[in-house]
Amino acid sequence: PAEVLNPLSDLSIDESRPFPVPLPERIEETALVEAAEASPAGRDPLARIKLLIPAHIFVPEQGALRVTFDDIDLLRVLNMEPVPVNCTEYFPEWLSSLHGQQIRLRGWMYPPAKSEGISRFLFVRDSGLCCFGARPRIYDKVAVRLKPGVTTKHIVGRPFDVIGTLMIEPIEEDENELFLLYHIEDAVIAE
């Protein structure tokens, strides 16, 4: 019969070979947790925030600045995940300066509650798992309010541009989590 080894004993030497072979030391899970908590990034997610894109220039396109979801992606711009409620305090000037600007953003309409007469909708980065299969991250969604008196139908299965005034105004879902950050007001759909 094969020899049964006790997994908690004899961890330091493997004697089943012709000569003893040292094995790596087992690190207890509590030691790993303590080490992670001892590092600044482990204790505080804000410690991981750092500016990754210090400057950015937006190109005007038909009277509005062309902005992409990558431009407002806080993980790409600031290594920010999770996104704290006070996230705007960390924004670089080029991102903060978009507040109140006329922008043009390409994205997808998140399925609304109705199919016609839509004056407000959620605009998302893509139609993939990021936004349709799971809850979109705070920087992967933008609330859109069309110009007064303008409505649209549910636009299914294709991306389109929205042109309007970008507002960067955090709305909290609860005390420590954001529901929305970006809003486009007085918008029109460019098909």
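Start with the whole chain in view. Of the contacts in the protein with a separation of 6 or more, 64% are between residues 24 or more positions apart. Keep that in mind as you move around. This is a predicted model.

**Stop 1: the whole chain**

Colour by secondary structure. The protein has five helices and nine strands. Along the sequence, the pattern reads β-β-α-α-β-β-α-α-β-β-α-β-β-β. There are 191 residues, and buried residues make up 32% of them.

Now colour by confidence. The mean pLDDT is 84, and 75% of the residues reach 70 or more. Then select residues 5–12. Here the pLDDT is below 50, and the stretch has seven contacts in the model beyond near neighbours in sequence.

**Stop 2: the nonpolar core**

Which residues of the largest nonpolar core touch the most other members? Select Leu74 and Tyr182; they hold that place in a core of 37 residues. Strand β9 gives the largest share, five residues. In soluble globular proteins, nonpolar side chains tend to be buried together.

Zoom in on Leu74. Setting aside residues up to four places away in sequence, Leu74 touches Asn79, Met80, Val83, Cys87, Phe91, Leu95, Tyr139, Leu181 and Tyr182.

**Stop 3: the phenylalanine cluster**

Show the aromatic rings. The structure holds five aromatic pairs. Select Phe69 and Phe123. Their rings form a tilted pair, 6.3 Å centre to centre with 45° between the planes. The two residues come from distant parts of the chain, 54 residues apart: Phe69 is in the loop between β4 and α3, and Phe123 is in strand β6. Both Phe69 and Phe123 are buried.

Are Phe123 and Phe160 buried or exposed? Buried means under 20% relative accessible area. Phe123 has 0% relative accessibility, so Phe123 counts as buried. Phe160 has 1%, so Phe160 is buried as well.

Now bring in Phe121. Ring pairs link Phe69, Phe121, Phe123 and Phe160 into a cluster.

**Stop 4: a lysine over a ring**

Select Lys141 and Phe179. Lys141 lies over the face of Phe179, 5.0 Å from the ring centre.

**Stop 5: His183**

Go to His183 in strand β9. Its relative accessible area is 7%, so His183 is buried. What does the His183 side chain reach at 2.7 Å? Look for the backbone oxygen of Glu169.

Show the surroundings. Leaving aside neighbours within four places in sequence, His183 is in contact with Val142, Ala143, Thr165, Leu166, Met167, Glu169 and Ile171.

**Stop 6: Arg145**

Move to Arg145 in strand β7. At 39% relative accessibility, Arg145 counts as partly exposed. Draw a distance from Arg145 to Ser119. The C-alpha atoms are separated by 6.0 Å, although the residues are 26 apart along the chain. Apart from neighbours within four places in sequence, Arg145 is in contact with Ser119, Arg120, Ile184, Glu185, Asp186 and Ala187.

**Stop 7: Gln102**

Finish at Gln102 in strand β5. Gln102 has 34% relative accessibility, so Gln102 counts as partly exposed. Which side chain makes a polar contact with the side chain of Gln102? Select Thr165: the two side chains make that contact at 3.3 Å.

Not counting residues up to four places away in sequence, Gln102 touches Gly63, Ala64, Leu65, Ile163, Gly164 and Thr165. Gln102 and Arg66 are 36 residues apart in sequence and 9.1 Å apart in space, C-alpha to C-alpha.

Thr165 ties two stops together. Thr165 is in contact with His183, and Thr165 is also touched by Gln102.

Methods. Residues are numbered from 1 along each chain as its sequence is written. This is a predicted model: local features need pLDDT of at least 70, side-chain atom pairs count only at pLDDT 80 or more; totals for chains, interfaces and linings use all residues. Side-chain values use heavy atoms; hydrogens and water are left out. A nonpolar core is a set of buried Ala, Val, Leu, Ile, Met, Phe, Trp, Tyr and Cys residues joined through side-chain atoms within 4.5 Å. Buried means under 20% relative accessible area, exposed over 50%, partly exposed in between (1.4 Å probe, protein chains only). Helices (H or I, at least four residues) and strands (E, at least two) are DSSP runs, numbered from the N terminus. Contact means heavy atoms within 4.5 Å. A polar contact is a pair of N or O atoms within 3.5 Å; within protein, one must be able to donate a hydrogen and the other to accept it, and residues adjacent in sequence count only if both atoms are side-chain atoms. pLDDT is the predictor's confidence in each residue, from 0 to 100. Rings of Phe, Tyr and Trp (its six-membered ring) pair if their centres lie within 6.5 Å; planes under 30 degrees apart count as stacked, over 60 as edge-to-face and the rest as tilted. A charge sits over a ring if NZ of Lys or CZ of Arg is within 6 Å of the ring centre and within 35 degrees of the ring normal.
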